[in-house]
Structures are given as C-alpha cells and as structure tokens.
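Please look over the sequence and the model before reading on.

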Amino acid sequence: MISPSSSLPSVPPQEAAAIEWERKPKTIDANLKDYDAAYREFNWKTVEREFDWSRTGKVNIVHEAIDRHAAGARRDKVALHYTDYAGRDERYTFQDLKVQTSRCASVLQRAGVKKGDRVGTFLPRTPELYIAILGINRIGAIPVPLFEAFMEQAVEDRLGDSEAVVCVTSPALKSRIPLAKLPALKTLILVGASGARAANEISYEQAMAEAPNWVEPEWLTVDDGLIIHYTSGSTGKSKGALHRQYAMVGHYQTSKWALDLRDDEIYWCTADPGWVTGTSYGIYGPWTLGITSVVIGGRFDPDRWFQTIEKYKVTMWYSAPTAYRMLMSAGEAIPKKYNLSSLRHICSVGEPLNPEALKWVKRITGLAPHETWWMTETGMQLICNYRSKDFPIGCTGKPFPGTYATVVDEQGKEVPPHVLGNLVVKPGWPSMMKEIWNNPAKYQEYFRISGWYVSGDTAYKDEHGYIWYQGRADDVIKTAGERVGPFEVESALVAHPAVAEAGVIGKPDEVRGQIIKAFVALRKGFQPSEPLKKEIADFVKTTLAAHAAPREIAFVDKVPKTRSGKIMRRVLRAWDQGLPVGDISTMEE
Ligand code: WT7
C-alpha cells in the first residue's frame, strides 16, 4: 500500500525525455482507427447489438461464440487448429464445435449437472479442454478451469471452494484429485481412459459417442455465471473470481480493438485456459467474433513456437513477456529458420514488457508487441497500446474506450503526472467480476478506496496521459507471468516436516520477471544443507505446483514477524537485496 500523497514518490520527468516512441503510419487499416475519437464517443450499448440476445433476450455464450456461426456463413470455417507435434494434428469448424460441445453438454447432463453447478476442467491443452469448457457453458453450468500443472493441494483448494460436482480430467491427472476431501464432487469424466473404471467414472469418448449432436443451450440472463477463475492474493488461499455472461461484451470489443482481430485472422493466443487469458482471449473473445484460432499442446519449445507461426501462417500473436524473453535467450538463429512474414499484429500481457524484449521481437518480426494490462478480476483488457496509436516504448498504454483507469492516492484523489500512486479503475466496465466466490469480504477489499476498483498495482501517468505500470503494491508474486500468492507457498512449505516457519517473496529476475524465494527456519534437529533445500523445493512442487515452488531457499534462524504474527516480507525483500530493512519498530522482540 502506498503512503499518503504528501510523501508520494515521483518519477523524475528527465527520464521521460529519454523515452523512444513507437510511431504509427498516418493511415493504418486497424479496426480502431482513431483512439481519441473513440475514447470520447464510444458507448458499450452499441456492442450489445452485436449479440443475438440483444434481440431475443435469450443469453448463452455458446450460442454467440459457436451456434450462430454454425448456423450462418461461418459454418465450415475453421474455429480451431490444433497440434501437439506428437501425433495430433486436427481442425474443428464452428459446425464441428457445435456438435462436440452439444455432445459434451449431454454427457454432463447425464452426469446430473444442472444450471449454476460448478464443473472443474483439469486437462492438458487439448481440443477436449476447449470443448469441455463450452460444453459446461452450454448447459448454463459454470466452468472452473484448473491449470494442468496443479498438484493435489492446489486442486483440493479450488474444487473444494467452488464445490464442483463433476470434473473433466484424464487418467494421468486424476490421482491429484483428492476425492475423499471433496464431498461435493460426485463424478469424474475421464478423457482417454481405457480399461476398468470406478463407479463414479465416465469414459468421455464412450459417452460422447452415444450422445446426440444437438443440445439447445440453457437460456440465461446476462447476469448469470460464465466462468470462475481462481487467482492469488497477498493473503489467504486462492480466490475464485466469478464472471457474468455479460462479460462477453467486453471480450468481444477488446478482441476487436486491442487485439485488432479481423474475419480472416489466424490468431494464436499462447495462454492456457487454466488462466483467464486462455478463456477471455483464447475462447470467448475470438469465437464471439468468429475468428480462426490456433492452439498448440505440449511444453514450451522455441523451435516449435516459431514453427507454429510458419505452419499456420499466424497473423496475430498474443503472448507474454516471459515467453518473449525465453525466445530471445534461445537465440536469433531459431526465428531465422522460419518464415514469420504472415504476422501483422502482436500483443503482450501478464507483466511489464521491458523495452529490450519489445525491440527484440520487433527485430525478428518487424512488429512491436502492444501491451494489454488487465487482471483475472477485470475479465478483459483495460489499459492497452493500440495498433493505430503512437506509444512511448515501455508504457502500459491508455484506458480502453468506455473505461476509465487512472492513478490515485489513498484518498482516491487523482495524482499529478509522474507521481506514483494506486492504479485504479472506475467500476462498471462490462467484464468486471461479479463476485469472489463464497467470499463477499474479499470482494469488498477491491473497493477499499471509495469510488474505485483498486488493482493492487502501482503506476504513474505521464503528461500525455499514458499509464506506466511500476509494480505491485502488495506481496503478490508474478513469476513467468503467473500469479502466485506467498501465503499459499508458505502454507505448502510449513507442511514439510523440517520446516518450522517460512516467508516467501518475489525476487527480481531477468527472464521470469520474478522468481519465488523462500526464507525458511528449520525445526530443531534439522541441519541446513543443499540436499535439504532441494527436498523442500521438490515437496512444494509435488504438493502445490511446479511454478509455485521456490527456485531459491535461504535458511534463517527466524522469519521476521510483527508482534501480531504477520510475516514482514518487506524485511525479507531488503535482506534479499542487501538493503537496509527500514522501520522495524513493529517487529516482534
Ligand atoms: C496482474 C494480474 C489478465 C491477464 C494475465 C494476468 C500484472 C498484467 C500487465 C501488463 C504490467 C501486468 C499486474 C496485474 N499485469 N498485465 N501489461 N503490464 N503488468 O492476470 O494473473 O490476474 O495478474 O498481472 O500486476 O495486477 P493475473
């Protein structure tokens, strides 16, 4: 949290003088031609008219994303290109997805799923994952996508809190679902199962083969649930951000104006649907626009990534700074092997894109990635750079038309240019989360500064109104673009028999933005050693998730805490950087 405005730090304007600009040609055939005019005039009501529900009153995302295309000129257009470079190479038209998501809907109905029920998906990035999410939506149930790298504790937290009744998963992943601790979870639908199954297990393939080709969508209102994405805060376990059907209005328009998607697009969003980018912009945005999407399975591999652009002639690429930096560190020889000339627009999300990475991508593709800032909770992009608008390299961008994002002090007053403050948004944009599942108090915390949604990020505005992200105001960690809560990692650490106390921070890292560093105090009888560090890190990997495991562990005698028992991560960060610890008058002892 930021101190009162009298002592707010400011960012020296002379730094601004050194800024380079990404200049755009006077005429560019972007969907959004004149940002400033749109910002003055745009009204969300005009977007509602793009959806059939504005005339029929019958709402369901699957109708707008799939069925209406399958009933019209896009019937045989490819909606999804998929390859895993390991034997699967498939394409699905909008008509195919209409059939597949209908069958999946029927399978779910037969498993007893009803409107409003939560259904987990716990699958690798495969067509079945996309079909399952939309199959769940088709019957008005609420998908809870789990990232495939989650281990038992992470799975239990999310399926437990959401009280999911069914989970669509695979034989390989199901061992991480602790059924005994999940009383609401009645049935597992297993993709790729062979042989004997337990009484509560359904074979996806068998059930799909027996299911009908058409299931009418459950008709909803714009206020009904669309999806729950779990995400991390600085305190407590992960929390479920519930989005409404109305969010599609935001997904649609930002996909049109920020991603600049057009009808002939070959669009590649590299995010997994386990995270919000993989659904808002991997499913709902592009498919409500009727766009062709590319999805690849398997692990990150620089060669395959560039090969994918060449293979599918990708025209629009939406990825993340850590990915760009990992491609950069793999060397320029790799992109040189492939024809990348199909690309016409690139965007970035998840963490700040440093100018060096931006320039590298521009060197190899001819295109600068455009920032999009948003959060799991915001559901849609809110601060962006636009294909038709000049921007200073390194800035986060300007508020999307129809939204208002700015920088305020603790009282909610906007601060002058170059003064650091809280990055906030005026509530009421279309994709704003509806609630934090089961936790109204957590929801209220986002509105602690009256009149604003408080992002938890710090930023400043420059004299041209561009917003510059500066960091988090809280202890949330962003590692390789993934959001990790220190409390979750600390809880996993103290479950190890050698660990008495643990404090966790994000440590700056050139490639990953931050890495997770743990300060660990051992129980009596345990000696610090390198093998013990590895054992502890592996323990977190196998209980929580690989991306949530500390890459660095330091043994300490005691973890610094306040007298009320709160871990002083500020002190840990100072220790890590070898800096003075500042005011420690609230520390215990
Ligand atoms: C946090 C939200 C929603 C997409 C994936 C991330 C950071 C996000 C940017 C950006 C600098 C960014 C912020 C934000 N962040 N985009 N363009 N520049 N930082 O969603 O996991 O909910 O994380 O990611 O710190 O608060 P998320």
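Predicted model: local features only at pLDDT ≥ 70, side-chain atom pairs only at ≥ 80, totals over all residues.

Residues are numbered from 1 along each chain as its sequence is written, and side-chain values use heavy atoms, with hydrogens and water left out.

Student: How many residues of domain 2 are in contact with domain 1?

Tutor: The protein is divided into domain 1 (47-299) and domain 2 (476-577), with bounds from an automatic or database domain assignment. Their centres, taken over C-alpha atoms, are separated by 33 Å. Contact means heavy atoms within 4.5 Å. On that basis, 19 residues of domain 1 meet domain 2, whose share of the contact is 16 residues.

Student: From which domains does the lining of the largest cavity draw at least three residues each?

Tutor: A cavity is a set of points on a 1 Å grid over the protein atoms alone where a 1.4 Å probe fits but cannot get out, and lining residues have an atom within 4 Å of a point. The largest cavity has 15 lining residues, with F150, R158, S232, E488 and H547 nearest its centre. At least two lining residues come from each of α8 (152-162), β9 (225-231), β25 (482-484) and α17 (486-494); helices (H or I, at least four residues) and strands (E, at least two) are DSSP runs numbered from the N terminus. The domains asked for are domain 1 (47-299) and domain 2 (476-577).

Student: What volume of space lies in the second largest cavity?

Tutor: A volume is the space filled by probe spheres set on grid points, which are joined across faces, edges and corners. The residues lining the second largest cavity include L353, P369, H370 and F391. The space in this cavity is about 40 Å³.

Student: At roughly what angle do the axes of helix α7 and helix α11 cross?

Tutor: Two packed helices are described by the angle and the distance between their axes. Axes are lines fitted to C-alpha atoms, for helices over the stretch in contact, and angles run from 0 to 180 degrees between N-to-C directions. Residues Y130, I133, L134 and N137 of α7 meet T279, G282, I283, Y284 and W287 of α11. The axes of α7 (residues 127-138) and α11 (residues 276-288) come within 12 Å, and the crossing angle is roughly 65°.

How values were computed
1 Å grid on protein atoms, 1.4 Å probe; cavity = no way out; pocket = protein on both sides within 12 Å on 5 of 7 lines; lining within 4 Å.
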